[in-house]
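Notebook open, model loaded. I'm jotting down what I look up, in the order I look it up.

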Amino acid sequence: MTTFVITIPGTFLREADERARADIARRLRPADPNQTELGREEDLDLLTVNDDNTFSMRLEVTAGAGEEAQHKAERTAADALRAAGFTEDEAPLGPPAVTGIDNPA
């Protein structure tokens, strides 16, 4: 198994105040990429929200292949948004991308 850092873009189409953002980040915390070498080196944030309400989630996922990791990350992101009260229409996600790989030693 390999540890991947997956980045998922999205857009908040309804207001995501500080409380909502904190709730989403708390729900994503188990997938914090700062536990990976890349995450520590790059100081990656779990959730970055821009002024135009676009956002990026960076998640650590362990999987056998990149495609599997992307699917796992997408489920994790969608679950966190849904649990924080956002529907797919209120916070649509873009395609996930592998942005880092931590190979086992």
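**Entry 1: the surroundings of F4**

I started by listing what F4 touches, skipping its neighbours within four places in sequence: the contacts are L59, E60, V61, A63, A65, G66, A69, V98, G100 and I101. A caveat for myself before going on: this is a predicted model.

F4 sits in strand β1. Is F4 buried or exposed? Its relative accessibility is 6%, so I put F4 down as buried, the cut-off being under 20%.

I also checked a distance to Q70. F4 and Q70 are 66 residues apart along the chain, yet their C-alpha atoms are separated by 8.7 Å. Across the strands, the residue opposite F4 in β3 is V61.

**Entry 2: strand β1 and its two partners**

Next I followed β1 along its length, residues 2-11. Of its 10 residues, 8 are buried, so I noted β1 as largely enclosed by the rest of the structure.

How many bridges join β1 to β3? I get 10, and the two strands run antiparallel.

V98 had already turned up in my contact list for F4.

A reminder I keep for reading strands: in a regular strand, side chains alternate between the two faces of the sheet.

**Entry 3: the whole sheet**

Then I put the strands in order. The sheet is open, has 4 strands and reads β2-β3-β1-β4, with antiparallel pairing. Which strands are at the edges? They are β2 and β4 (97-102), each of which pairs on one side only. From one strand to the next the twist averages 20°.

α3 packs on this sheet, where it touches β1, β3 and β4. I read about 130° between the direction of α3 and that of β3.

β3 itself has 7 of its 10 residues buried, so β3 also goes down as largely enclosed by the rest of the structure.

I moved on to the pairing of β2 with β3. They run antiparallel and are joined by 3 bridges. In one of the pairs, L47 has M57 of β3 as its bridge partner.

The hairpin has 4 residues between the strands. What made me stop at N53 was its phi, near 70°, which is positive although the residue is not glycine. Most residues other than glycine have a negative phi. Where is N53 placed? N53 lies in the loop between β2 and β3. With a relative accessible area of 24%, N53 comes out as partly exposed.

**Entry 4: helix α1 against α3**

Now the helices. α1 covers residues 18-28, and its buried residues are A20, D23, I24, A25 and L28. What covers them? The cover includes β2 (47-49), β3 (54-63) and α3 (66-83).

I then looked at how α1 meets α3. Two packed helices are described by the angle between their axes and the distance between the axes. For α1 and α3 I get an angle of about 140°, with the axes 9 Å apart. The crossing of α1 past α3 is right-handed. On the α1 side the contact is made by D23, I24, R27 and L28, and on the α3 side by T76, A77, A80, L81 and A83. D23, I24 and L28 were on my buried list for α1 too.

**Entry 5: overall tallies**

Last, the bookkeeping. I count 3 helices and 4 strands in the protein, running β-α-α-β-β-α-β from the N terminus. The protein has 105 residues, and 39% of them are buried.

For contacts between residues at least 6 apart in sequence, 75% join residues at least 24 apart. The accessible surface comes to about 5,900 Å², with 46% of it belonging to carbon and sulfur atoms.

How values were computed:
Residues numbered from 1 in each chain as written. Predicted model: local features only at pLDDT ≥ 70, side-chain atom pairs only at ≥ 80, totals over all residues. Heavy atoms only, no water. Buried < 20%, exposed > 50% of the residue type's maximum accessible area, 1.4 Å probe, protein only. Contact = heavy atoms within 4.5 Å. Areas by Shrake-Rupley, 256 points an atom, 1.4 Å probe, with all protein chains shown as cover. Pairing = 2+ DSSP bridges. Axes fitted to C-alpha atoms, helices over the stretch in contact; angles between N-to-C directions. Left-handed = near helix turned anticlockwise from the far one by under 90°.
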